[in-house]
Structure formats: C-alpha cells, structure tokens
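Subject: Structure handover

Hello,

Here is the structure you are taking over. My notes on what was found in it follow below.

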Protein chains: 2
Amino acid sequence: MTSPNKRVGVIGCGPSGISVLSAFNQAQLNGQTIPEIVCFEKQDSVGGLWNYTFYTGTDQYGEQCHGSMYRYLWSNGPKEVLEFGDYSFRDHFGKPISSYPPRPVLKDYVVGKAKKHDIGRFVRLSTIVRHVEKVGDQFSVISENLKSREQKKELFDYIIVASGHFSVPSQPTYPGIENFNGRIMHSHDFRDAVGFQGQKMLLIGNGYSAEDIALQCNKYGVKDITISYRSSPTGFKWPEGVREIPQLDKYENGRFHFKDGSSDSYEVLMFCTGYQHHFSFLTEDIRLNAKNYLFVEDLYKGIILNKNPQIIYIGMHDQYYTFTMFDIQGCYARDYILGKIEIGNEAERTADIEYWGEYFSKVKDGHDEIDYQRDYVTDLLKYCDYPEHGHEKRAELLHRWKGERKENITTYRDKSYTSVMTGDVGPIPKTPWMKNMDDSLEGYINTI
Amino acid sequence: MTSPNKRVGVIGCGPSGISVLSAFNQAQLNGQTIPEIVCFEKQDSVGGLWNYTFYTGTDQYGEQCHGSMYRYLWSNGPKEVLEFGDYSFRDHFGKPISSYPPRPVLKDYVVGKAKKHDIGRFVRLSTIVRHVEKVGDQFSVISENLKSREQKKELFDYIIVASGHFSVPSQPTYPGIENFNGRIMHSHDFRDAVGFQGQKMLLIGNGYSAEDIALQCNKYGVKDITISYRSSPTGFKWPEGVREIPQLDKYENGRFHFKDGSSDSYEVLMFCTGYQHHFSFLTEDIRLNAKNYLFVEDLYKGIILNKNPQIIYIGMHDQYYTFTMFDIQGCYARDYILGKIEIGNEAERTADIEYWGEYFSKVKDGHDEIDYQRDYVTDLLKYCDYPEHGHEKRAELLHRWKGERKENITTYRDKSYTSVMTGDVGPIPKTPWMKNMDDSLEGYINTI
C-alpha cells in the first residue's frame, strides 16, 4: 500500500503527461485525496510533439529541440481510434469533424482535454529536468527554469516519465556520405515541404516518417523522391515522382550507390530512420532500455519499471492505440500510486511480463500487432475505472485503416469513420487530402 | 596551498582541454608530482570544434551535436598568432606552411600537440558529463560512456570546464518567420556551401560567421547573398553577389521586410547570431554566467570562478589570442592546483577582477581589444613558466591582420606572416584563397 501523502514528479506534458494529470484530477473530482504533483515541461506550452516550432537542432534556450512536427501534417490514423474516453471530439468541437484532421486541430483537441482537467495547476512550463537520481527511498530531481535559469532540487516518491520517444533521432551512417555536398538531415528537422521544391530527395527508411514525408513533398511539388528501404519495400502505390529502391550502400564520386547496383545523384539525403528512447536526465539504474517497442520487457503492465517500481513510464510503446492508451496507463499509474492496485513482488511482476512477452512472440504481422495492443490495454482496463469508450471495437477500425492504407496511400485520409463513443459520422472532406493545402484550424473548422 | 594528491576532472578535450592536459604533462616531465586527472570528451576523438561532422542537431548518440565546423573552412587569422609556444608549426610539419591553413591542417596540428604530450592517458573518449554538483568540499561528476551507456559517479577536487562556447546556438526570432516556407537554420548547422548553389540566402548577423559563410557561399557559386546587420554594416568590400542591408523587421506574405523599408524573398534564412555559454551539466551555483566575453567578471584571472575557486574555466573569452591563451591559462590553472600560485581571498580576487574590468571599460575598438587581451595574457605569464614565444609581438600581427581584412576581405588570406618563434616565413599560396577549392590536408601539404 502506498499513501496519498506522497510527492509525484511527472516529466513532460505532452499527451502522455496530460493523461496522467487528467487521471489525478479525475480522482480528486471523485473526492479522493491525491498526492502533491509537479509536472515539468521544457517547452513553453503543453501538448508535447503536437506543438510546432520552426527551430531545428536546438531551441530558443539552447536545449535539444523537442519538436519533430512539420507543417501540413495530417493525422495518419482515424481520429475515432484516438478519441479520449472522457472527452469526445463532439465535446470539443460541438459538431462532427472528418476522420483525419490536420495537426493544429488535434493539438487544439489535446489542449482542450488539458483545460477540461485544469491541469495547469500541476505544470511548470519552460522548465527542464536536468537530473534525476535515487536518494534513499526517494528521487532527487534537479530542474531548471529556462527563462530565469533558476534551478531547484526537490525530492519525489514517484517519478513518471512522460517525455516521449519521438524526439531524439536515431541516425545511422553510410560509407562516404561525409563527402556529400548536399543537405544531410534527419526527418526530425523536416519542417516545410515547399522549401524542397526543385530538389531531388533521397529518403532513407520505409516507416511512417519516410512514407508521410514522401507524400507531403510530392503533394507540395517536389518532383523526384526516392525512398530507400532496408529489408522490403512498403508496397504502397506511390504517385508519380515517388519510387522505392533497395538499401543504400555508399556514397562515392558524387553518386549514391544502392544494394541493387543502381546509383543516382540527389540534392537532399534525409534519414527517416526513426527515434530512440533517450533519457539522458535519468541515471542508468532507473533508465528504460527499450529494445522492442510494442512489448517493453523492463516494464510491468507496460509502465512500471520492474526493477524499481517507483519509476513509471507512460506512452513508451510503439503505438496503434495512442491517446486512450496513455489515458488508461495514466489511470493505472494513478491507482497504483494511490494504493488501490497491488502489483506484487518482482518475481510475480516478472511472471506477468513473461506472459506478455510470450504472447508478443507469436505476433506475426501488423494485424496481430493491433490485436496484441488491444489486449494489452484491455488488461489494464480491468484494474481501473476509465470510462467505457468502445476500446475493443476500435481495433476493428485499425484493421480497416490498415487495409485502406494498403489499398491507396494517397486517398485513405478521405475516408469516413464512425465514432464508437458518440456515433458521429466523420464527414467526407470536401477537398480530397491530396488537393487540400490548408491545414489551419480555422480553415478546417470552417469547411467541414 | 593545495596538495598534488587531488583529483582533477577536465570537461572537454578540444584545444582548451588539450592545453590543460599538456600543461600537466609538462610538469610531470619536469619531475613534479601531478594529481590524478580525468578528461571527459563526448566526441569520439580529441580536437573539439576542429573535428568535422556531417551530423547536425543531434549526433550519432542522440546528444546535442557539438560541431559547428563546415567544409572549406580556412583559418580566419594568421597561424603565426596561434602557434603553440611549445610546439611550432615547423615542429609539426617540418617546413614552412602558409599563414592561413584550412581546417584539416589546423586540426592535424592540434592533434600533433596532443600526441606530443601523450595526453591520451588522461582522456575518456565518447564520454559525456551528465551532471556535476558540489558535495562537501568536492564535486560529484556523473559521466556516461556513450557507446556502452555505462555511467560513473566520481568525486573530484577541482573541475576544469573546457567545453567551449561555440557549440550551442544563440538564436533570436522575428515576427512571422514561422510562416516562412524555406529553410530556417542556424550557422551551427551549416556544413557545405555547394549545397546552397541556386538558393537565395539571407544571413542574419554581421559577425565572423556571417562574414565567412557569405564568402564561402560566394566562392562556391551561390549568386545572391544578403547579410542583415543589427547595428552597423561590416564595411567590408564584398564581391559581387553579396550585399548588406539593415536589420530584419518581419516576415509577411512571402517576403522579408527590413528596417530600411525594403523587402525581398529568399530560399534560406540563416541565423549567424553566434553562440551562448551553455553549461547545462553544471548546477547553477558553479555555472559561469558570462555577459561580456572579452572580460568575464565572474572569473579571477579570467579562469578561476571567484565564488568557488575549485571551479576553473578555460578558453571562455572571446578571442584574438587563441591556442597560446588556452595554453597559458592551462599553465596557470596547473600551477594553482599544484599549490605554486596563491590566489588570495575572495575580496583580493575581486579587486584584481575590478582592475581588469576598469581597464576593459576603456576599450573602444577592435585594436584596443587586441591590446587588452595581450595585456591580460601578459599578466598570466608573470605567474607561470610557459615557453617564450613572442607573445607581445603577436599583437602587432593581429593589428596588421585587422587592417588587411578591412582592406580586402577576399584577399587577406593570401598574405604572408613571419613566425615570431621560428622566423619561418609563410609562403604565399600558389592559388589565391578565393580560387582554391581544395582544403584537404594532403592537397595543402603537397602544394606549399
């Protein structure tokens, strides 16, 4: 049993942090006593990755730039999958909106949830966590206000790490690329497709980043885009001007050479090679070393660090379920901290982790992955009272979505889904996604 | 008196760190007992900024990229000013070389000095310092090997901060620039001028970065470059294709508007707005807050943190003198740690700092700055036995250099200087700098 008279430090106030704080707010609304909570957010506003910044590399404070968002980004999954169980899109927008909104619309929705739960009272904005280490049974946290440069050292009983894992690039190298005269960059620093017009682009990687940036650039007038895959092509039916080729081998004499023996020259080499779990502010003993991102073997119930259960990680999985998974993880974390959930001893926790590891080892494809994550979240739901929100049915939407993407990568965002919570039917966009150049909140709201 | 039986932690192994380690090596060669020294270097090789990397933003380990170097960078000051007192260019290259060598040549020279002093025995490469804090009379240093991810927590009696101050961008913003579709970047991420061919560039700032990058880009075929200055133009006679205009006011409707009422459109907006002293790994109480970079009021003798004299900063000034100043600061730091120099109490130290502050307040222009820094280093030399190396005479070279730059910014690198140590006359380059596209070590050595 843990007592509510404890101090909880939450690191990060993006969707995962907001979920945690909302969960605690809900408990308080329900008449429960909650611990003292401090949430540290290094950006100037909440919303995490859903904030857009023109900075790349380092931000205005000289800190590593968190933002990976680019202009004209639209959701790549139907919003009906990520609709918060306690705050529907209808609650926020007052009317049905289409199934694939652009970034500013989703950010507005996330911030709306944060406001509904009045989480501002927990949050220190523009405040970075420099260092966390175990001190006795507690954790010392050194934070710094980036505006005043004032530092504080405080003790907490629980640390909830909600700093995300799409901010620190993972970037390989290839022989000879240091001699390339053009632009070498990671997709983390991609901001505006328009600026790449007239440039011939080579994208390394075949995940969501490469796919979406290739499409973006194609949509905004870049004529010649090559995606280089490591193991297998995406198989999508690309529009004219986008092609896929095997892995890059080397750069030599002004040309990029690929494993299939072909070679070509480019102006831009962009690594769309994903991100790493990177927690430089935590000492090694409490740091997550995630290897497999859909099943994380160090985490009990996918959130509690097994070797030190006062450290909790939120949203550290690779994701099909997103916002609702963070919410439910947040509820579980809250009830555990409030002493309402018993987690057993380390051996018992390990046995549970092994069960999920065993299950995950049988997962064969993307559809299995969806079902695996559905079942993982279903398991969490058994322990906490998150509102009924059609969790199981959402897996069906995900399976459908996967099929539609495969069918046509340029039109899947024009489809309509029905909310499993409100029954709202997402209106079909008046302008197909490939033709719609206005991603502003106002433009979007006024045309649906 | 301090004892040699102490532990010294040195952070960074660029020129400043190498100077410190060389100084200790020299003392050991002279038969003195030196403390245990550990130098932490986050890059994979010594040399600091003189290393070149194609990474921008974050490096291969997900850490903030240290490197600000770009291809085709040549020294912007005569090498005769920075020639090490204990290791001449003749010692290293065995023959006279021209006065303005390219980056790989200077890097080779710096590494040569490091090898001469066998500093490798002190250095932990690929090892970042995460956190330093005062613990009793010592300092706890948490470092992390970026390859193995192993962390260590160790105690030191002295911390020497030699991590440089040209790595963390200082970047302002202007109204509307978040709407600019082109590339927004800081000069920290500039790597290769060739990649900017055909692009119209706006550089913000009129310091060394803007000047050198404008010239580079002009030299490598960029046709249209605008430098926007804040207070006054550089006054250099720019080649065709480079112009200077007053400060940027805002970005609106696809155009950049300037304070003189003019406006224009660009493809690249590059902030050449310098760097900040940024020591995120140090707690606030031991962190340098430098405001004026030629005179640093928190530092006794320009190196010892007055409020905590177990913390020493090397190379934190703005620089006319560079390598030799670091060397002499390193010697002073060494002799202080070895107990051979008494620094007095805080009030006495403050009085000395005030003397230099008073002197600095009378400095009116660049020539005064040169003399000021000459006298500052002359003062340090009184306390330690760095080899005679013509320190005072080098100021004359600097005055001459300043005049030649003003006279012709495109040809000053073709001049010859004479070493005040060896009497070697720098050969006039066979190919003028503006026409010489080969900046390789081999190409350079073979053609002089």
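**A buried cysteine**

Cys272(A) is buried, as 25 other C-beta atoms lie within 10 Å of its own. Buried here means 20 or more other C-beta atoms within 10 Å of the residue's own, exposed means 12 or fewer, and partly exposed is in between; C-beta atoms are placed from the backbone.

Before going further, some conventions. This is a predicted model, in which local features need pLDDT of at least 70 and side-chain atom pairs count only at pLDDT 80 or more, while totals for chains, interfaces and linings use all residues. Residues are numbered from 1 along each chain as its sequence is written, and chains are lettered from A and ligands numbered from 1 in the order in which they are written.

Back to Cys272(A): this residue sits in the loop between strand 15 (268-271) and strand 16 (299-300) of chain A. Strands (E, at least two residues) and helices (H or I, at least four) are DSSP runs, numbered from the N terminus. Leaving aside residues up to four places away in sequence, Cys272(A) touches Ser187(A), Leu203(A), Ile204(A), Gly205(A), Gly207(A), Ser209(A), Ala210(A) and Ile213(A). Two residues are in contact if their C-beta atoms, placed from the backbone, lie within 7 Å.

**Domains of chain A**

The domain assignment of chain A gives domain 1 (7-168 + 275-399) and domain 2 (177-271); such bounds come from an automatic or database domain assignment. Taken over C-alpha atoms, the centres of domain 1 and domain 2 of chain A are 32 Å apart. Eight residues from domain 1 of chain A and 10 residues from domain 2 of chain A make up the contact between them. On the side of domain 1 of chain A that touches domain 2 of chain A, three residues are nonpolar, four polar and one charged. For these classes, Ala, Val, Leu, Ile, Met, Phe, Trp, Tyr, Cys and Pro count as nonpolar, Asp, Glu, Lys and Arg as charged, and the others, Gly among them, as polar.

**Sheets**

An open sheet of five strands in chain A has the order 8-15-9-10-11, with parallel pairing. Two strands pair if DSSP finds at least two bridges between them. Strand 8 (183-186) and strand 11 (242-245) of chain A are the edges, each with a single partner strand, so one side of each has no neighbour in the sheet. Neighbouring strands of this sheet are turned by 20° against each other on average, direction ignored. Strand 10 (residues 224-228) and strand 11 of chain A run parallel and are joined by four bridges, and Ser228(A) stands opposite Ile245(A) in strand 11 of chain A. Helix 5 (residues 208-219) of chain A packs on the sheet and touches strand 9 (200-204), strand 10, strand 11 and strand 15 of chain A. The direction of helix 5 makes about 175° with that of strand 10 of chain A. Axes are lines fitted to C-alpha atoms, for helices over the stretch in contact, and angles run from 0 to 180 degrees between N-to-C directions.

Three strands of chain A form an open sheet in the order 4-5-6, with antiparallel pairing. Its edge strands are strand 4 (127-135) and strand 6 (151-156) of chain A, each pairing on one side only. Six bridges join strand 5 (residues 138-145) to strand 6 of chain A, and Ser143(A) stands opposite Lys152(A) in strand 6 of chain A.

**The two chains**

Chain B can be laid on chain A with an RMSD of 0.0 Å by a turn of 180° and a shift of 0.0 Å along the axis; copies are superposed by least squares on the C-alpha atoms of residues with pLDDT of at least 70 in both. The two copies are therefore related as by a two-fold rotation axis. In chain B, the C-alpha nearest the axis belongs to Gly57(B), 1.8 Å from it.

The contact takes 34 residues from chain B and 34 residues from chain A. On the side of chain B that touches chain A, strand 8 of chain B gives the largest share, four residues. That side divides into eight nonpolar, 19 polar and seven charged residues. Of the interface residues of chain B, 100% are also interface residues in chain A, so the copies meet through the same surface.

Regards
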